[in-house]
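Hi everyone, thanks for having me. Please bring up the sequence and the structure on your screens, and we'll walk through them together.

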Amino acid sequence: MPPIYQVSTYKQDGVGGLRGGYEYSRSANPTRTALEQCLTALESGTRGLAFASGMAAEDCVLRTVCSPGDHVLVPDDAYGREPYRVVRPGVRGLGTEPRRGSRSRTVAAVRARLAARKSKLVWAETPTNPLLGIVDIRALAAAAHEAGALLVVDNTFASPYLQQPLMLGADVVVHSTTKYLGGHSDVVGGALVVTDAELARAPCLHPERHRGAWPARSTRG
Ligand SMILES: Cc1ncc(COP(=O)(O)O)c(C=O)c1O
């Protein structure tokens with residue numbers, strides 16, 4: 001098992017002379033790196049990032065991908081409406097439109113809404129907490145990409161053991177690792193995993209987490 005590195009700052013051989021690539025634990029910490037590599041492998045992604053909570057991970061995607069005025073489609077039953085609360089106008093200055101309607105009509109409803117108004121992101125949670133609604137990830141990814149939007153899937157409830165959204169076309173996977181990935185109700189955490197090379201290079205997914213815009217979607221898929 002990788003040890004838990006309970007340090008803030010690492011020994012260095014002068015300015016820029018890092019030993020093993022670590023300098024300061026906010027930027028990178030070997031324990032967190034091990035967790036991120038594990039989550040990336042479990043989700044079949046190319047880059048993963050661990051957070052102090054699931055909501056912190058959600059906040060990072062939304063604020064990095066979207067600019068004020070951008071439109072986001074959020075399902076009305078996603079995690080007790082928390083993502084909607086994060087993106088609602090006035091909180092982040094982002095225009096949002098929660099999807100409504102029965103689960104069976106979700107992809108069709110999303111297509112109609114995407115045709116009516118350009119969206120930057122389509123948000124999905126499948127199964128949802130707590131109503132256990134499900135959606136066809138592959139169909140939703142196709143609908144989002146045809147409209148030039150990214151698909152974010154909250155995979156907290158299924159876990160990568162049962163479902164790997166990136167393999168079905170999603171661009172970003174979000175987790176509250178507080179739940180099944182943690183497994184013992186003893187720690188709060190969150191994660192993002194991406195597969196797209198361009199997304200993997202986005203500033204928010206670099207260890208330094210510099211400010212900067214998430215680049216536009218690549219042509220993948
Ligand atoms: C599906 C889902 N997404 C996100 C969250 C938020 O995660 P956290 O409580 O770790 O911030 C939760 C928490 O219950 C959840 O169930």
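Let's begin with the inside of this predicted model. The largest nonpolar core contains 21 residues. Which of them have the most contacts inside this core? They are Val61, Leu121, Trp123, Val152, Val172, Val174 and Leu192. Several elements each supply at least two residues of this core, among them strand S1 (47–51), strand S4 (121–125), strand S6 (172–176) and helix H7 (197–200). And where does the largest share come from? From H2, with five residues. There is also a second, separate core of 15 residues, including Ile137, Leu140, Ala144 and Ala149.

While we are on helix H2, which covers residues 54–65, please find cysteine 60 in it. Is cysteine 60 buried or exposed? Its relative accessible area is 13%, and buried means under 20%, so cysteine 60 is buried. Now look for alanine 191. Cysteine 60 and alanine 191 are 131 residues apart in sequence, yet in space their C-alpha atoms are 10.0 Å apart.

On to the rings. How many aromatic pairs does the structure hold? It holds two. One is formed by tyrosine 10 and tyrosine 22, and this pair is tilted, with 5.8 Å from centre to centre and 45 degrees between the planes. Tyrosine 10 and tyrosine 22 are 12 residues apart, both in the segment before helix H1 (30–42). Both of these tyrosines are buried.

The other pair is phenylalanine 157 with tyrosine 180. Why do we call it edge-to-face? The ring centres are 5.9 Å apart, and the planes meet at 75 degrees; over 60 counts as edge-to-face, so this pair qualifies. Phenylalanine 157 lies in the loop between S5 and helix H6 (159–162), while tyrosine 180 is in the loop between S6 and S7.

Where does its charged end sit? The charged end of lysine 179 sits over the ring of tyrosine 79, 5.7 Å from the ring's centre.

That's my tour, and I'm happy to take questions!

Terms used:
Residues are numbered from 1 along each chain as its sequence is written. This is a predicted model: local features need pLDDT of at least 70, side-chain atom pairs count only at pLDDT 80 or more; totals for chains, interfaces and linings use all residues. Side-chain values use heavy atoms; hydrogens and water are left out. Helices (H or I, at least four residues) and strands (E, at least two) are DSSP runs, numbered from the N terminus. Buried means under 20% relative accessible area, exposed over 50%, partly exposed in between (1.4 Å probe, protein chains only). A nonpolar core is a set of buried Ala, Val, Leu, Ile, Met, Phe, Trp, Tyr and Cys residues joined through side-chain atoms within 4.5 Å. Rings of Phe, Tyr and Trp (its six-membered ring) pair if their centres lie within 6.5 Å; planes under 30 degrees apart count as stacked, over 60 as edge-to-face and the rest as tilted. A charge sits over a ring if NZ of Lys or CZ of Arg is within 6 Å of the ring centre and within 35 degrees of the ring normal.
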